[in-house]
Amino acid sequence: MQLTILSEKLDSLTMDEFIHEFRVVHATETRTMAKTLGIITKYTQGLRLVSTNKNQLRHLPIPETNPSVHSFARLSWPSVAVLQGALSTDGYRKSAGSHIFGIPIQIYLTENLDTGAENEIHNNHDCIRVMVGLSPLSESSFQQAWREHAAFCRSICDGYQQHQVIPLSATKVEQIFGQTQFTPRTVVTSGGYENFVFRTWMEAQGFFDEHGDAIGASYERFVDQRRSYCYAFDNVVQYSPLDRGFSEIIVGFFVGIALRLKVILISYIGAS
């Protein structure tokens with residue numbers, strides 16, 4: 001499963017300072033955690049790309065919104081229970097509390113239904129990730145309509161990815177994020193998001209010039225576009241399965257078991 005975080009920079013930081021904290025300091029700390037504990041299997045970052053007259057993504061299926069969004073971070077975990085256990089440790093809370101450089105705006109816990117497409121994404125700043133957050137127009141018909149829409153998108157875009165929100169109750173969200181730097185109300189509990197990933201800006205522009213209107217028309221059947229959004233980011237894989245050695249896999253296996261047992265124990269005590 002994936003933890004995806006959309007953030008804005010702190011007002012006290014310049015954009016250059018934010019980029020350094022995000023792309024250097026935070027990336028280094030996360031890679032160290034991944035290698036030490038073995039429970040983060042992939043870490044991808046993106047910085048918001050600002051369109052100019054020269055480089056402009058026309059015909060996006062949903063207009064870009066909220067200029068305060070500056071970045072996304074996505075971390076792959078073995079399970080929600082392992083994530084919950086990791087966020088509840090004293091070590092994590094101390095390290096996270098000592099390094100705050102952004103404000104989380106939206107948080108997703110999702111399953112990636114297109115893992116094969118991720119293998120084609122290269123680790124360089126030229127890749128473009130267009131992220132479209134989808135808010136259901138109707139909860140009852142959303143999943144079926146999204147499956148049909150996703151089949152269409154896969155037929156026209158090799159870099160398409162469908163990330164479906166893992167259903168969580170308000171109580172479960174509070175248990176996972178209540179004592180962290182993340183505000184539970186920012187957690188998205190329905191719908192999901194799509195990624196359209198391209199090797200170059202020109203490739204992305206050509207794709208949306210050709211298909212953007214058709215994708216937008218498809219959204220009209222099942223997406224509340226007033227509560228949905230679209231952003232373009234660069235794409236840098238800071239840690240991947242290729243960086244995981246035998247020791248990380250073994251350590252991650254046992255750490256994951258310990259964290260799952262911790263969550264079960266906490267739930268048992270809370271229910272007693």
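These legends accompany several views of one predicted model.

**View 1. The whole protein chain.** Residues are numbered from 1 along each chain as its sequence is written. Because this is a predicted model, local features need pLDDT of at least 70 and side-chain atom pairs count only at pLDDT 80 or more, while totals for chains, interfaces and linings use all residues; side-chain values use heavy atoms, with hydrogens and water left out. The C-alpha atoms fill a box of roughly 55 × 45 × 40 Å along the principal axes. The radius of gyration is 19 Å, in agreement with the value near 19 Å for a compact globule of 272 residues (taken over C-alpha atoms; the globule rule is 2.2 Å times the number of residues to the power 0.38).

**View 2. The largest nonpolar core.** This core has 33 residues, and Leu 3, Trp 77, Leu 109 and Phe 177 have the most contacts inside it. A nonpolar core is a set of buried Ala, Val, Leu, Ile, Met, Phe, Trp, Tyr and Cys residues joined through side-chain atoms within 4.5 Å; buried means under 20% relative accessible area, exposed over 50% and partly exposed in between, with a 1.4 Å probe and protein chains only. Elements that each supply at least two residues include strand S1 (2–9), helix H1 (15–37) and helix H6 (170–177). Helix H2 gives the most, with five residues.

**View 3. Around Trp 77.** Leaving out residues up to four places away in sequence, Trp 77 touches Met 1, Leu 3, Met 33, Ile 39, Ile 40, Thr 41, Val 82, Leu 83 and Ala 86 (contact means heavy atoms within 4.5 Å). Elsewhere, a second, separate core of 27 residues includes Leu 49, Ile 215, Phe 222 and Cys 230.

**View 4. Leu 75 and its surroundings.** Leu 75 lies in strand S3, and it counts as buried because its relative accessibility is 9%. Beyond its neighbours within four places in sequence, Leu 75 is in contact with Met 1, Gln 2, Leu 3, Thr 30, Ile 40, Lys 42 and Tyr 43. Thr 44 is 31 residues from Leu 75 in sequence, yet their C-alpha atoms are 6.6 Å apart in space.

View 5. Of the 272 residues of the protein chain, 50% count as buried. Among contacts between residues at least 6 apart in sequence, 87% join residues at least 24 apart.

Conventions: Helices (H or I, at least four residues) and strands (E, at least two) are DSSP runs, numbered from the N terminus.
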